[in-house]
Amino acid sequence: GTSTLGLYDLKRQIDAFGGVDYFRPTLAGGYLPNARVMLANGDIVKSTIDGNTSDPNVGMSGWVYDSNTLFVLDTNQLKTKATVSGVTYFTELGAQYKWDENITDSEDNYTIIKSNLTNTGRWVLLNKHTVNLSAFALEDSNITPIINNINLSRREFNINSDYNFNNTLNIGQDNALINGKTWNILKYAGDGGTDVNLKSLLSVKKTGDQATSRFTLKTLIVDMNQSSYAVGVDAYFLTSQSLLEQVEVRNIADNSIGFRLSKIWYAKIRQCFASGYNANDSLRHGTGVLIDSLLDDYAQVNAIDLDFRLHTLNVGMLINPVSYIYGLNMLNMPTIENCNIGIKVNTTTDTQDYHVRQSVISAYFENNTVDIEWGDSTNTRNRNSKHTWIGCSFDGVYSTVKLWEGHHTFIGCKGMVSLVVGNGAQCELINTPRPKNITGSNITFRDTPLSQVLS
């Protein structure tokens, strides 16, 4: 038969090539190099020397952690693990952390985790420049804690599933890319605001009066869940090379706003969507987009390119020129449908000369009660503003345009049914069929091609 010494030798060979058992101090001859044993806390270590009899539960002399087999259920367990330089742990959801004894950054409990065993060093999320939300355990699928604690700057933050949130998500950080991946939904489940203090759901705003640059939010759906006095995406001081792309805000309530853009310069908005549709009724709810130039913050709106689809809203786009608005451009044929008012521009008081100074708009309007209302019927002051409407499509059935201020030129447009031009406005129609119903006298018509007119 096999001798006792032969059985021990066989056991040592098994331990060296994948067999894992708790450490046995009585193993004859000790452990071979690369033999794995399990510690009392469940960690797995491997021997680095031959004949190893040192107990790794007491000290790691002659042992190293097996980085391929170290697991924790979550980051809370990670806080109690031994802090050995270079050791790597995987959480149950796939996040990978490495101990770095030289880092003393503030912890956020997601990408940087402080150990309960020492004040120096941190557990650091590997591949920290690309963070997948699915790698973190979230209570009730609520992402509010992680969004508001993590440093998003210089990271691609992937929202790769549907989640709830119950408070403002502060996402306004430079060089951040927040990506919904496959049109994932963030559904709001918190309280609304008040009529004097609207609740921001996704807040693209830094603390203080600071610009947010090179920020991107894309391919994401925000479900406002009919929250009252709320703003779905609240962008303040969004500047150079910032982008909102394919962001959808739905379920906007009567007193709420889908997108609010204020003090915004040189940013781009592409293929975004806002809807006030409510499955419980056939009414038009809320405001899709508010462009707001706040006077007290000198919040001019300059050189922005807007591309929205706005549907089933009380007001599709509301422009509030409390301060100047320059270079308002909508050139990618945004669509505005089934709204009480498609585009509404507020009139400031006669003592102020603030307005939209110039704009170029090419848009599609359908089934709105009023497609465009520029200014207010109470306006009695001519304002030196220039607005060019190029190739706009009106539905030819309900289309109504009301112009109370500014100079408006419609070139190559079609389908306008009713046109109202107040005393504070002027209107030119070039290669644009005459509306059936016309009110006002400050209107000129040019039916010849523009090239011939200019020659």
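The legends below walk through several close-up views of a predicted model.

Residues are numbered from 1 along each chain as its sequence is written. In this predicted model, local features need pLDDT of at least 70 and side-chain atom pairs count only at pLDDT 80 or more, while totals for chains, interfaces and linings use all residues; side-chain values use heavy atoms, with hydrogens and water left out.

**View 1. The whole protein, to get our bearings.** The protein has 4 helices and 38 strands, taken as DSSP runs numbered from the N terminus (helices: H or I, at least four residues; strands: E, at least two). Of its 455 residues, 50% count as buried; here buried means under 20% relative accessible area, exposed over 50% and partly exposed in between, with a 1.4 Å probe and protein chains only. Among contacts (heavy atoms within 4.5 Å) with a separation of 6 or more, 60% are between residues 24 or more positions apart.

**View 2. The open sheet S1-S2-S3-S4.** Four strands line up in the order S1-S2-S3-S4 as an open sheet with mixed pairing. Its edges are strand S1 (21-22) and strand S4 (63-65), each of which pairs on one side only. Two strands pair if DSSP finds at least two bridges between them; S2 (residues 36-38) and S3 (residues 44-47) have 3 bridges and are antiparallel. Look for Met38, whose bridge partner in S3 is Ile44.

**View 3. Strand S14 and its parallel partners.** Strand S14 (residues 177-188) pairs in the parallel sense with S11 (residues 156-158) over 3 bridges, and Asn158 stands opposite Asn179 of S14. S12 also runs parallel to S14, joined by 3 bridges, with Phe165 opposite Tyr188 of S14. A further parallel pairing, over 7 bridges, links S14 to S16 (residues 216-223).

View 4. On a 1 Å grid over the protein atoms alone, a cavity is a set of points where a 1.4 Å probe fits but cannot get out, and lining residues have an atom within 4 Å of a point. There is 1 cavity of 30 Å³ or more. The largest cavity has a volume of about 40 Å³, this being the space filled by probe spheres set on the points, which are joined across faces, edges and corners. Its lining includes Ile143, Ile178, Leu186, Leu217 and Leu220, and S14 and S16 each supply at least two of the lining residues. The lining divides into 10 nonpolar residues, no polar and no charged; Ala, Val, Leu, Ile, Met, Phe, Trp, Tyr, Cys and Pro count as nonpolar, Asp, Glu, Lys and Arg as charged, and the others, Gly among them, as polar.

**View 5. Thr168 and its surroundings.** Thr168 sits in the loop between strand S12 (163-165) and strand S13 (169-170). Thr168 counts as buried because its relative accessibility is 16%. The Thr168 side chain reaches the backbone oxygen of Ser200 at 2.6 Å. Beyond neighbours within four places in sequence, Thr168 contacts Thr144, Asn148, Lys199, Ser200, Leu201 and Ser203.

View 6. Most residues other than glycine have a negative phi. Trp183, in strand S14, has a positive phi near 55°, and with a relative accessible area of 37% Trp183 is partly exposed. Asn251, in the loop between strand S18 (243-250) and strand S19 (257-262), has a positive phi near 60°.

Note on methods: Polar contact = N/O pair within 3.5 Å; in protein donor to acceptor, adjacent residues only side chain to side chain. 1 Å grid on protein atoms, 1.4 Å probe; cavity = no way out; pocket = protein on both sides within 12 Å on 5 of 7 lines; lining within 4 Å.
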